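The exercises below ask you to locate residues and to describe their surroundings, each with a solution that goes step by step.

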Amino acid sequence: MTSMVNVREVVLDILMEVFGKQEFSHNVLKQALKKYQYLDKRDRSLLTIITEGTIENLIQIDYIINQFSKVKTDRMKPVILNILRMSVYQMKFLSNVPNSAVCNEAVRLAAKRGFSQLKRFVNGVLRAIDRNLEHIRYPDASKNLLKSLSVLYSMPEWIVEQWIFQYGTEEASRMMKSTMGHNGKISVRCNLSRASREECISRLEREGVTVSQNEYLEEALYLSGVDYLNALKTFQEGYITVQDVSSMFAAIAAQPRKGDFCIDVCASPGGKALHLADLLKGTGMVEARDISDYKVEMIQSNIERMGFENIRAVKKDAFLEDLQAEGSADIVIADLPCSGLGVIGKKSDIKYNMTRQKQNELVKVQRTILQNAVKLVKKGGTLIYSTCTTNKEENEENYQWLLENFSLKPVSLSGLLPSQIVGNTAEQGYVQLLPGIHKADGFFISRFQAV
């Protein structure tokens, strides 16, 4: 059955979904891996590598294609363009397949998809690239720094410009470099309400998973050698959940106390809310809210898998006031929709779909939700505002806006979070994690007390 599936055809289908229908690449890839569970591990790995690698390096790949094609990428038929893209990725970044075989497969794919008349075009472009791959001239940084870094790291120029403006050229370069090259490791958190960290590790190792320790938190682990996470009994039975350590810091910063009532206003898929439930050790209640039935069902599925009884999934629109719940929560977590620039390394298509205009619109959305979230916090209670982005307008500027417009005071994060990540802003009640600077996703966390 395995031999009936052409891995590169599946990759092409995924790329057509991602670039043609604007679907999220991690969702489309996940669906494909689920559909083709019967493929052997090597084929599934190749499918993942070519898909993620092509998307991650898209700007550089298109730059290369445009050097050798009279028809530029913005005028090509989508099927042909994506065949060329995935082929150039293999030729430039993979060494286990001869370039001649890559070219032949591309020509075959073009014909199979109904473009026999373009076989010579596909073959000509790829053969020319193959002959000149080691001699391609890239933009000169001394003449155009933004263009040079954009092509080198396949990062849109507006993000390059924003990161340089906000963090300086050196840090921006490190951030961009960190988004390239997937390490294949999965970050998970142990469900300490179900088992000890040691037992979780033991169970994983018995299933053939390689486990390594996270640098910051004992309950945070990295998994490698995982073919299909959902197939692991350790995952199925709720001993672990997928979560980056940066996201774990939000619940830790909240410091929940026994019996607390907590609300997570934008909770899906439930990582932070479940973490709060774990930290409450069976006491209190966490209300994990989100806007759609689909998202609530996702949260509920994770609640059932993890086995918690002190958490409930509720359909609520954070964009609307909740008068009944005003002043009821000891802790409110507002991890809000954002530009997502801190997780580009895991979700590469974010950088192609986000724009400055969308960022500006998101700030307005964030402030509306924050205005409603503040009202839920009881006097003396805690508000955690967090995002998975690096953009200061969505982070520090929103932090300042909260202080200026509401009865809130910042609470120091020093001593609450690992010393390796807290900088000189921790005393002011917020930290900004940066990809490539910290060993975590880019993430912003701030803590306030209602007064």
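Contact here means heavy atoms within 4.5 Å. The model is predicted, so local features need pLDDT of at least 70 and side-chain atom pairs count only at pLDDT 80 or more, while totals for chains, interfaces and linings use all residues. Residues are numbered from 1 along each chain as its sequence is written, and side-chain values use heavy atoms, with hydrogens and water left out.

**Exercise 1.** Determine where threonine 382 lies, whether threonine 382 counts as buried or exposed, and which residues threonine 382 touches.

Solution. Begin with the secondary structure, in which helices (H or I, at least four residues) and strands (E, at least two) are DSSP runs numbered from the N terminus; threonine 382 belongs to strand 9, residues 377-387. Next take accessibility, where buried means under 20% relative accessible area, exposed over 50%, and partly exposed in between (1.4 Å probe, protein chains only); threonine 382 counts as buried because its relative accessibility is 8%. Finally, leaving out residues up to four places away in sequence, the contacts of threonine 382 are Ala254, Asp330, Ile331, Val332, Val377, Arg447 and Phe448.

**Exercise 2.** Describe the backbone, location and accessibility of glutamine 22.

Solution. Glutamine 22 is not a glycine, yet has a positive phi of about 60 degrees. Glutamine 22 sits in the loop between helix 1 (7-20) and helix 2 (25-35), and with a relative accessible area of 48% glutamine 22 is partly exposed.

**Exercise 3.** Find the peptide bond that joins serine 268 and proline 269, and state its geometry.

Solution. The bond is cis, with omega about 5 degrees, and proline 269 is found in the loop between strand 5 (261-264) and helix 14 (271-279).
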